[in-house]
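Student: I would like to go through this model and the surroundings of its ligand. Please show the sequence and structure before we start.

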Amino acid sequence: MGAYQIIGGRPLEGAVHIHGAKNSVLPILAATLAGGGQYTIYNCPEISDVDTALDILHALGCKTERSGARVCVDTSAAENREIPEALMKKMRAAILFLGALLARFGEANLTAPGGCVLGERPIDLHLLGLRLMGAEYEYDCETLRCRAKALRGCTVALPFPSVGATENLMIAALACKGEVTICNAAREPEIGDLIAFLRACGAKIDGTGTSVLHIAGAAALHGTEYAVMPDRMEAATYLAAAAATRGRLVLQYATPAHLQAVISTLERGGCEIVQRPNEMIARCDRLRAVSPIVTAPYDGFPTDAQAPVMAAMATAEGVSVFEETVFSGRMRHVPALRSMGARIYATDRHAVVTGVKRLHGACVEATDLRGGAAMVIAALSAEGESRITKTEHMERGYASFVQTLRSCGAQIECI
Ligand code: UD1
């Protein structure tokens, strides 16, 4: 079990290189399986979730090779249709291989995925769409066996714009006879990145950035080279860290257009954020509280930025109110922030944060990826020493986290 030791109280100052997006590269790696071929993926972040995705491809019979931010995958010889349970349990995004296995083999044998515990995380919307495409399945909430003699075109109206369901259904749709239309599709930028990758592989998909996607079936897919877009959640985390520590950070290779909800929230709190097409400069003094901060599907305030921004608001002047509408259990970081002196009253979906002048160091345990990042941000802004355990959560999603923070003046060490 990893831990970080942090001595807080210093403003972060310096330049941060934003890596490729975790939430893009995972569906893209899954999609390489849909049509056999050779793929080179650039700007691939060095995080443990990518290692897990590569382990899954390997377990399915694919060749994988990694050299820094470049990953080569050859899925031509894939033959297994079953993902080992130990790999399924490592991350939620393992479920994205369901659509790819069905598209490739008409068969998938999986177990329920693991990953961050953020409340209920069912896969009913994924299954609803696959059934409309003609797949049959047996699922007892632990084991999933899915078969499809032939997938067919259809219209799927999602009751909620689930990111994972939209991705899984888009990938499965590539093998359908006829067109698949997904209504109320997720519009997150990572969906656009997956569409751009699939188009580069020969797929015909219309509707990027809208909530209605049309996917032409029976695509003749081929290998390709593709560079993953920058990680907007990594950028949001560093913006929150700059705000919490009253620092100045230059975020290089970031896409401000993808982060308008977070940028405008922090600007309303008094941060100065200069936006250029591929760069942001954040300069912050003590924040003013902003209310309400309500998470929502894109282009609303992202649920993944809720915990990091709450850590920044913990020392803002005034009272901020958060409402979490996407996940039912995404306030698990609150007890840790409280033990650092934050004044937060929270229920499952709401938090009222009364800003204090300073937090103090404490020993806390990371609960999930973004919740753990929030604890790091709080510790960086706090007086004194903190120890954060279970840092494997952060390693799932932040490349070179500790080195980057150290290069900006943070006193943080892995122990
Ligand atoms: C993805 C992101 C995650 C982000 C989330 C919301 C990846 C790898 N992860 O997760 O970082 O926080 O989008 O932006 O891209 N739901 C159902 N039934 C389903 C599927 C989802 O009820 O079949 C519910 C979930 O329980 C949750 C909500 O829909 O309450 C959003 O989930 P979804 O958009 O699917 O998130 P993920 O794809 O899991």
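Student: In which loop is Tyr253 found?

Tutor: This is a predicted model in which local features need pLDDT of at least 70, side-chain atom pairs count only at pLDDT 80 or more, and totals for chains, interfaces and linings use all residues. Residues are numbered from 1 along each chain as its sequence is written, and side-chain values use heavy atoms, with hydrogens and water left out. Tyr253 is not a glycine, yet has a positive phi of about 60 degrees. With helices (H or I, at least four residues) and strands (E, at least two) taken as DSSP runs numbered from the N terminus, Tyr253 is in the loop between strand S14 (248–252) and helix H9 (260–268).

Student: Which residues are the closest to the ligand?

Tutor: A residue counts as near if one of its heavy atoms lies within 4 Å of the molecule. The ligand is surrounded by 19 residues. The closest of these are Asp124, Leu125, Ser162, Asp304 and Val326.

Student: How far is a nitrogen atom of the ligand from an N or O atom in the side chain of Asp124?

Tutor: A polar contact here is a pair of N or O atoms within 3.5 Å; within protein, one must be able to donate a hydrogen and the other to accept it, and residues adjacent in sequence count only if both atoms are side-chain atoms. Oxygen atoms of the ligand are involved with Arg92, at 3.4 Å, and with Arg330, at 3.3 Å. For the ligand nitrogen and Asp124, the distance is 2.7 Å.

Student: How much of the ligand's accessible area does the protein cover?

Tutor: Accessible areas come from the Shrake-Rupley method with a 1.4 Å probe; for residues, only the protein chains shown count as cover. On its own the ligand has 740 Å² of accessible area. The protein covers 86%.

Student: Which helix gives the largest share of the shell around the ligand?

Tutor: Helix H5 (124–132) and helix H6 (163–173) are the elements that give two or more residues to this shell. The largest share is three residues, and it comes from H5.

Student: Where is Pro292, which has a cis peptide bond from Ser291?

Tutor: The bond from Ser291 to Pro292 has omega near -15 degrees. Pro292 lies in the loop between strand S16 (279–283) and strand S17 (293–294).

Student: What is omega for the cis peptide bond that joins Tyr298 and Asp299?

Tutor: Asp299 is in the loop between S17 and helix H10 (306–313). For the bond joining Tyr298 and Asp299, omega is about 10 degrees.
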